[in-house]
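Welcome! Take a moment to look over the model, and then we can walk through it together with a few questions.

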Amino acid sequence: MYPAQFDYYRPKSLKEAISLLKKKKDAKLLAGGHSLIPAMKLRVSSPATLIDIGRIKGLEGIKASKTSVKIGGLATHAAIESSPELRSACPILAEAAGHIGDIQVRNRGTIGGSLVHADPAADYPTVMLALEASFTLTGVKGKRKVAADAFFVDLFETALKPGEVLTDVNVPVMRAGQGGCYIKHRHPASSYAVVGVAAIVTLADGAVDAVQLAVGGATPNPVLIKTVHHALVGQKPTPAAIASACENVAEAIEDPLGDLYASGEYRTHLATVLSRRALTEAVKRAKKQK
Ligand SMILES: Cc1cc2nc3c(=O)[nH]c(=O)nc-3n(C[C@H](O)[C@H](O)[C@H](O)COP(=O)(O)OP(=O)(O)OC[C@H]3O[C@@H](n4cnc5c(N)ncnc54)[C@H](O)[C@@H]3O)c2cc1C
């Protein structure tokens with residue numbers, strides 16, 4: 001399997017990359033190459049030009065402030081998994097990064113590449129939705145911020161416009177009384193999420209104050225299950241209350257994806273089971289987060 005011929009550029013700066021994106025017709029950015037190169041080998045994608053941003057300095061950092069963490073678009077899954085800043089300020093994201101592929105994939109793949117590729121079976125999009133993260137997109141006209149729930153538009157389709165680079169991801173710092181958990185049923189061959197669930201629970205005085213529950217892998221883009229928030233707010237997070245709230249999960253999954261490995265019905269079932277497990281673990285962690 002060989003890709004079609006292409007021209008290759010390796011810009012040294014973001015400015016140069018953006019200018020190349022503007023000049024070159026039918027160009028694609030190359031970051032870790034772990035989604036784009038296989039797609040090119042299968043000839044699902046045949047860009048005339050590749051602009052390799054993998055060595056641009058300054059796009060890979062992870063910086064925490066009091067309220068948010070800024071992650072460069074070129075940060076690898078391995079850097080996110082092992083970042084002391086993220087492990088303390090937003091542990092659910094480090095946890096999700098650790099579930100991606102294998103060590104080779106985590107060493108090369110980047111957060112920007114994963115989000116822009118928008119594979120329905122990817123792990124980050126689900127976590128980003130639950131975290132209410134935002135993305136900075138930089139192009140010739142400057143920067144704009146897009147919230148995660150507006151970024152994922154359809155299967156492999158995002159709000160990124162031609163000529164733009166995803167330069168950073170902003171996630172909130174988790175507060176006292178908050179706990180998060182990402183859990184997935186992994187495909188045995190690829191490790192992608194057949195279904196992945198991200199749960200963030202906020203507790204106040206022993207009762208549930210807020211729940212952000214997102215399910216990925218079952219639909220073209222991850223979905224936020226708002227009914228679970230409404231069912232649990234004000235209640236004590238008992239196993240019975242969590243199980244009853246999760247009875248609503250299936251209703252939010254319209255037209256579930258199905259394939260040879262997992263039917264739509266099975267994915268919907270997994271979504272309910274994993275939601276219950278992720279919420280139970282998130283509550284446990286929230287209780288420890290004083
Ligand atoms: C064997 C294997 C197992 C995997 N398992 C998992 C898994 O379990 N979970 C999971 O979530 N993923 C998995 N992946 C996918 C992996 O996480 C990829 O690394 C990721 O999807 C793409 O990141 P990348 O840096 O390799 O992007 P690339 O492949 O370089 O690019 C992907 C797309 O994003 C665009 N792009 C890249 N960076 C930017 C940017 N900063 N701004 C704008 N556009 C950009 C490119 O033009 C391209 O269209 C797996 C991949 C492989 C090969």
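Q: In which sense do strand E2 and strand E3 pair, parallel or antiparallel?
A: This is a predicted model, in which local features need pLDDT of at least 70, side-chain atom pairs count only at pLDDT 80 or more, and totals for chains, interfaces and linings use all residues. Residues are numbered from 1 along each chain as its sequence is written, and side-chain values use heavy atoms, with hydrogens and water left out. Helices (H or I, at least four residues) and strands (E, at least two) are DSSP runs numbered from the N terminus, and two strands pair if DSSP finds at least two bridges between them. Strand E2 (residues 27–30) and strand E3 (residues 49–52) are joined over four bridges, and the sense of their pairing is parallel.

Q: Which helix does the chain pass through from E2 to E3?
A: A crossover is right-handed if, with the strands pointing away from the viewer, the path from the first strand over the helix to the second runs clockwise. The β-α-β crossover from E2 to E3 is right-handed. The helix on the way, residues 36–41, is H2.

Q: What is the order of the strands in the open sheet of three strands?
A: The edge strands are E1 (7–9) and E2, each of which pairs on one side only. The pairing in this sheet is parallel, and the order is E1-E3-E2.

Q: Which helix packs on this sheet, touching E1, E2 and E3?
A: Contact means heavy atoms within 4.5 Å. Axes are lines fitted to C-alpha atoms, for helices over the stretch in contact, and angles run from 0 to 180 degrees between N-to-C directions. The direction of the helix makes about 170 degrees with that of E3. This helix, residues 14–23, is H1.

Q: Is Thr 49 buried or exposed?
A: Thr 49 is found in strand E3, and its contacts beyond four places in sequence include Phe 6, Tyr 9 and Ala 27. Buried means under 20% relative accessible area, exposed over 50%, and partly exposed in between (1.4 Å probe, protein chains only). Because its relative accessibility is 4%, Thr 49 counts as buried.

Q: How far apart do the C-alpha centres of domain 1 and domain 3 lie?
A: The protein chain is divided into domain 1 (7–52), domain 2 (62–172) and domain 3 (178–288). These bounds come from an automatic or database domain assignment. The C-alpha centres of domain 1 and domain 3 are separated by 36 Å.

Q: How many residues does the largest nonpolar core have?
A: A nonpolar core is a set of buried Ala, Val, Leu, Ile, Met, Phe, Trp, Tyr and Cys residues joined through side-chain atoms within 4.5 Å. Among the residues with the most contacts inside the largest core are Ile 71, Leu 93 and Met 128. The number of residues in this core is 39.

Q: Which strands are the edge strands of the open sheet of five strands?
A: The order in this sheet is E4-E5-E10-E6-E7, with antiparallel pairing. Neighbouring strands are turned by 20 degrees against each other on average, direction ignored. Those that pair on one side only are strand E4 (62–64) and strand E7 (142–147).

Q: In E10, what is the bridge partner of Leu 137?
A: Leu 137 has its place in strand E6, and since its relative accessibility is 0%, Leu 137 counts as buried. Five bridges join E6 (residues 134–139) to E10 (residues 165–172), and the two strands run antiparallel. The partner of Leu 137 in E10 is Leu 166.

Q: Which residue takes a positive phi in the hairpin of E11 and E12?
A: Strand E11 (residues 178–186) and strand E12 (residues 193–204) run antiparallel, joined by nine bridges. One of the pairs is Cys 181 with Ala 199 in E12. The hairpin has six residues between the strands, and the residue with a positive phi near 80 degrees is Ser 191.
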